[in-house]
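Hello,

Here is the structure for your files, with notes on what was found in it below.

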Amino acid sequence: DFRKKQTVHNPLTINGSAVESVKSTKFLGVHVTDDQTWSTNTISLVKKAQQRLHFLRRLRRADLPPSALTTFYRGAIESILTSSLSVWYGSCSAADQKALQRVVRTAEKITRSPQPAIQDLYPSHCRKRTTNIIKDTTHPAHKLFTPPSIRQLLPQHAVQNHQIQKQLFPSGHQTTQLTQENSMNITQTKIN
């Protein structure tokens, strides 16, 4: 069975020197692991956010209004939880998503006001990222977001139906005649 058999890969070389293979690395603030899970990244984000919750609690004890607490939460805690969200949240495990949401619920209790769930923020982050890629023609992924033609949007059978319709009714004249005949038949049926 190929799943049980561990294959040894040739080492990756750049300019003649072998690149070291590691279990996990931090790249642009995101923990990337060799097993392609995001647990290490999530644990790191949750830990950092929980440390900042301490300051949010201290601000609440100082009797700050909920609006000021929410502002602190959005700037100091939510920004950590949503950093590079469009990269890793889509393939995050349910347990990791739950850990992130636990931080948000704790912040809601401290601020005494509702906060948006991480799963609700994810689509808007993805849309924003996509819009930025579309606007930037020099971005390497810009070609992936070119607008499709109408033929690409329609299912194949819809295109074929349209072509058949054009063959059967080459002009709008025949279609109009048919509709007039149908409406006359309907009118006569209602009168009788």
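**Findings**

Strands β3 (residues 24-27) and β4 (residues 30-33) run antiparallel and are joined by 4 bridges; strands are DSSP runs of E with at least two residues, helices runs of H or I with at least four, both numbered from the N terminus, and two strands pair if DSSP finds at least two bridges between them. Phe 27 stands opposite Val 30 in β4. The hairpin of β3 and β4 has 2 residues between the strands, and Leu 28 there takes a positive phi near 55 degrees.

This is a predicted model, in which local features need pLDDT of at least 70 and side-chain atom pairs count only at pLDDT 80 or more, while totals for chains, interfaces and linings use all residues. Residues are numbered from 1 along each chain as its sequence is written, and side-chain values use heavy atoms, with hydrogens and water left out.

Helix α5 (residues 118-135) has 18 residues and reaches 26 Å from first C-alpha to last, close to the 26 Å expected at 1.5 Å a residue (1.5 Å times one less than the number of residues). Ile 118, Leu 121 and Ile 133 of α5 are buried (under 20% relative accessible area; exposed is over 50%, partly exposed in between, with a 1.4 Å probe and protein chains only). These three cover an arc of only 110 degrees around the axis, so they lie on the same side of α5 (the arc is that of the directions from the helix axis to the C-beta atoms). On the other side of α5, Asp 120, Arg 127 and Lys 135 are exposed.

Regards
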